[in-house]
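Trainee: I am new to this kind of model. Could you show me how to read a few of its features?

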2 protein chains.
Amino acid sequence: MAKILRVNMLRQEVTEEEVPARYERLGGRGLTSQIVMDEVPPTCHPLGPNNKLVFAPGMVTGTAAASSGRISVGGKSPLTGGIKESNAGTPVAQMLARLQIGAIIVEGQPEEEGSWLLHVTSDGAELAPASQLKGKATSEVNKALFGQYGDKVGIATIGPAGENRMAMAGICFNDAEGRATRYSGRGGLGAVMGSKGLKAIVVDQANALGVEIKNAEVFRQGEKKLVEALRTDDISKPGGGLNTYGTSVLINIMNEAGGLPTRNFRSGQFAGADKTSGETLAETIAKRGGAGKTGHACHPGCVIQCSNIFPYEDGREHVSVVEYESNWALGANCEIDSLDDIAEMIRLCNDYGLDTIEAGATLGVAMEAGITEFGDSAGAIRLLREAGQGTPLGRILGNGAAFAGRAFGVVRVPTVKGQAMPAYDPRAVKGIGVTFATSPMGADHTAGYTICQEVLSVGGAMDPLSVEGKADLSRTMQAATAFIDTCGYCLFTAFAILDIATGLEGMVESVNGIRGTNWTTEDIQKVGMEVLRTELRFNELAGFTKVDDRLPEFMSYEPLPPHNQVNNVPDAELDAVFG
Amino acid sequence: MAKILRVNMLRQEVTEEEVPARYERLGGRGLTSQIVMDEVPPTCHPLGPNNKLVFAPGMVTGTAAASSGRISVGGKSPLTGGIKESNAGTPVAQMLARLQIGAIIVEGQPEEEGSWLLHVTSDGAELAPASQLKGKATSEVNKALFGQYGDKVGIATIGPAGENRMAMAGICFNDAEGRATRYSGRGGLGAVMGSKGLKAIVVDQANALGVEIKNAEVFRQGEKKLVEALRTDDISKPGGGLNTYGTSVLINIMNEAGGLPTRNFRSGQFAGADKTSGETLAETIAKRGGAGKTGHACHPGCVIQCSNIFPYEDGREHVSVVEYESNWALGANCEIDSLDDIAEMIRLCNDYGLDTIEAGATLGVAMEAGITEFGDSAGAIRLLREAGQGTPLGRILGNGAAFAGRAFGVVRVPTVKGQAMPAYDPRAVKGIGVTFATSPMGADHTAGYTICQEVLSVGGAMDPLSVEGKADLSRTMQAATAFIDTCGYCLFTAFAILDIATGLEGMVESVNGIRGTNWTTEDIQKVGMEVLRTELRFNELAGFTKVDDRLPEFMSYEPLPPHNQVNNVPDAELDAVFG
């Protein structure tokens, strides 16, 4: 029977509880959101003693299920003021699941400020002082802790940004080889961890019992169907788009669609797109050789393997991973077209513990204010260092784009619910704008990725410039996403299951096999919608209204080249998403 | 017939309109709030092109009505995100009224950044470039403009804080002798003025027709009753508490009541209270002589005369005015007990264009974060200079206490709706907490001053530590205040009219005489409540909910010495204020 670890930072005490029956059909996002709803007062201060931080592996995580090494982290967000779930792909997720830990709940605050470490083993868990790690970069933390606990453990940590309680601080997990590079980046959950004095979690899966599987046959059968679909689909298959170019394959695609936000959302096309594209990225990695790698897996057991390792010119490892969103945020959005400079900025974000999306959007706002020039990568790097060092300017930047906008008096701030938009301009792709506006998470592409239908022609094809049907599309995608995030599957399984019916069946059957549920594919929307309703209810109790489900005002009067469209999705269409 | 001046900053054009019939029974706050409701989209960006800034003298302003030289400024607040009205006592109010200008509406934004000046005379009004004033302190602006336009004009201006679009920037009006010291301080309306490129307004009342009075006899009769009451009441009469000691008379009173917030709201009593009290202030002014003065009037025709001029030790003028709220915010709240240092900080706030209450509360939060020490006046002065200069640290501070709290990760932030609480701790005086929580303006003592009944035994006596009846009390006081702010009377007339029935009658009759209304004292609540309902409706449309009508969470778990009470006003009591 799975258990919950409850870590009380005030009493410096860890207790174990059985997972209550009402949580049995939950995992990942479904579980973190439910626990946050049940235990966190919606109006509490996100950095105060009454907020909690919840870690939960997905329902299928830790098994042989393909591409399922996801961990969800939940709490009340210091960035949005609403509920937050942010998930990452990492072996840590798999280890917790194999230790039969359904969730870790971190609560309270120590009386005196300090740094602690949680050590989780099959024998139990305990807190230990960790003042030696205070202020350390995530890569240094990983080096120290792998040295101390052996290279088989998993590590979750925050960088200086989280310790400084910055609202763009993420929580960093190690990748398959121990790099401090996999992030629950969005919404400032790193600051919540910092506010509790918890610098790191070390997970040792030695002697783990493994995930309990209710019906192995059902699981194997479902899993087989899903893997087949993943290996067939053009986007997710080995040698497919994601595997070959990584997510940066989207740079050229979105640029051609006129929806690649450039120069702080002033244009939908970037002159430097080709220099930063997935194709150029893969070519550069291949040409430089050495430590460079495409088709890298963030955790063992991934079929898709879309990650990469970007090398310096001489072949030494520079950073993992140059993802599309990071590439865009720190590149196109700042008019920076050097992959090496972008890689260096990603490395800094990884080390300081900053969300790359929020960081890039914030740099765009700072450039808009004239703090440094668009295209000036040296200036951008200097600003990121200020954020890492927690200088006054760094504290402005480290609190995100909306915050920086207020600090500098900038009106053109691309945020919803205080969270920066990812790499799709809603004026050029209307459905993703509906997701940005209405997701309980704030602007988030992963919350309901309508780019599938609107740009990639996956799961059907819809005109990105048309408003029609986008409320329904966004709702369906948001619910499906909530289901996938609850299972613990990587969102990139979606491409295959949207187009291949047996893949979809297989996904549901794999969950049934593990958890003993008897869901059909018909249940996906229902299960996902229940998770969303919980999140929406939390936000409502936290004071959110329909007014928070709106895109930034400037997008309603400033047309975006090349389509020269403004945001024209009617409020009624937005309000129709969740009724 | 009164007119409205409409100043379009995009087209650089001023037009005149008749005051529409539906605004006939409005002035001051009632008029600014109604125009904001009618013309400003509640969800617009406060610093964007769709916000407007509205100036309106009160209904009786510009006549012989005692203590009535008030001007209201309204708009959507960059500090709270809701509607804002902030009023000041100044000859400028009287001049506009005598020019029969019911309101000035400033709208739009210039295409290029710049500084302009609005020159208002009996012949009309026009915009002129004012780049020579860019970045200038308010005292320098006044010096330059009195030099250029003569010493008979009135001046409204913003300091560098407003030009830098800081959310604690106020709008500064001259006092009776031309000092740049009278403020519509709260809510960041100076930033709205700055966002429109309007640096100053010069008002020349030469050849003004004067305020139209519908029935001179009724007016004279009412006015006589009101003046009698003001001259009788112990607090407002010549030689009374306000006239002798200024508003700082409250330092000792609130300290004894255990409700003088000290050290960023950690205690209700301040060891340095006696050194900063109104009594010590008056003594010091008397002892030093020279330019010092108590019983100073902010505008001609004030019976109460509660302002003061604080001198340096050698008698040279240092600053006007050491008010209770400024004294507390920059003194007790920061544990600073030197009147000279407090005076210097007020001078800096006046010059930079900063709201002293928000400034002091923000310094308290910065001290809480360790940016400088409590009690360190040199450090506090240095921080205020940073705000004035717009350095990165200054931009954090200049955006207010809630903003600084986020920047520094401080949880103990004494704000409601993003606006800092004034000098009364709601844990020790429950009714004022109800006003702080529920006023559409954010935490604001002037919005419904229950201190009258709870501490001063004016208008009845109620136990400050009891919750009972405080919703009713707050509502009644909020409505009465909205009425007074609409008339254009100084709020300090309230002491007399609460206890002297003929004073209350006189106030209403004076309005009837001027505007031809036929209100009775029974109408005060109705008229005031209509203004409040308009403001509440704007806030609702801007996305406010009951969750915004709450005191900060930390006050619910942190008891305040010496009474050691937490905030215990039930949510239901708060929600009962406006139903």
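Trainee: Which residues of H1(A) and H19(A) meet?

Mentor: This is a predicted model. In it, A:Gly28, A:Arg29 and A:Gly30 of H1(A) touch A:Thr481, A:Ala482, A:Asp485 and A:Thr486 of H19(A). Sorted by class, that contact holds 1 nonpolar, 4 polar and 2 charged residues.

Trainee: At what angle do helix H1 and helix H19 of chain A pack?

Mentor: Two packed helices are described by the angle between their axes and the distance between the axes. Helix H1 (residues 28-39) and helix H19 (residues 470-487) of chain A pack at about 95 degrees, and their axes are 4 Å apart. Angles of 65 to 115 degrees count as roughly perpendicular, so H1(A) and H19(A) are roughly perpendicular to each other.

Trainee: At what angle do the axes of H12 and H14 of chain B cross?

Mentor: The reading goes the same way. The axes of helix H12 (residues 339-352) and helix H14 (residues 377-389) of chain B come within 10 Å and cross at roughly 5 degrees. That makes H12(B) roughly parallel to H14(B), because angles under 35 degrees are counted that way. On the H12(B) side, the residues in contact are B:Asp341, B:Glu344, B:Met345, B:Arg347, B:Leu348, B:Cys349 and B:Tyr352. They meet B:Ser377, B:Ala380, B:Ile381, B:Leu384, B:Arg385 and B:Gly388 of H14(B). The residues of this contact divide into 7 nonpolar, 2 polar and 4 charged.

Trainee: How much area do chain B and chain A bury between them?

Mentor: The size of an interface is often given as the accessible area lost when the parts come together. Chain B and chain A bury about 2500 Å² between them, with 58% of it on carbon and sulfur atoms. On the chain B side, B:Phe403, B:Arg406 and B:Glu553 supply 25% of the area buried against chain A, more than any other three residues. The contact takes 30 residues from chain B and 30 residues from chain A.

Trainee: How many salt bridges and how many residue pairs in polar contact does the rule find across that interface?

Mentor: The rule finds 0 salt bridges between chain B and chain A, and 8 residue pairs in polar contact.

Trainee: Which peptide bonds are cis, and where do they lie?

Mentor: Most residues other than glycine have a negative phi, and most peptide bonds are trans. One cis bond runs from A:Ser320 to A:Val321, with omega near 15 degrees. A:Val321 is in the loop between strand S15 (317-319) and helix H11 (324-330) of chain A. Another cis bond joins B:Pro561 to B:Pro562, with omega near 0 degrees. B:Pro562 lies in the loop between helix H23 (554-557) and helix H24 (571-575) of chain B.

Trainee: What is the phi of A:Gln100?

Mentor: A:Gln100 has a positive phi of about 55 degrees, although it is not a glycine. A:Gln100 sits in the loop between helix H2 (91-98) and strand S6 (101-107) of chain A.

Methods. Residues numbered from 1 in each chain as written. Chains lettered and ligands numbered in written order. Predicted model: local features only at pLDDT ≥ 70, side-chain atom pairs only at ≥ 80, totals over all residues. Heavy atoms only, no water. Axes fitted to C-alpha atoms, helices over the stretch in contact; angles between N-to-C directions. Helix = DSSP H or I, 4+ residues; strand = E, 2+ residues; numbered from the N terminus. Parallel < 35°, antiparallel > 145°, perpendicular 65-115°, else oblique. Contact = heavy atoms within 4.5 Å. Nonpolar A, V, L, I, M, F, W, Y, C, P; charged D, E, K, R; others polar. Buried area = accessible area lost by both parts, 1.4 Å probe. Salt bridge = Lys/Arg side-chain N within 4 Å of Asp/Glu carboxyl O. Polar contact = N/O pair within 3.5 Å; in protein donor to acceptor, adjacent residues only side chain to side chain.
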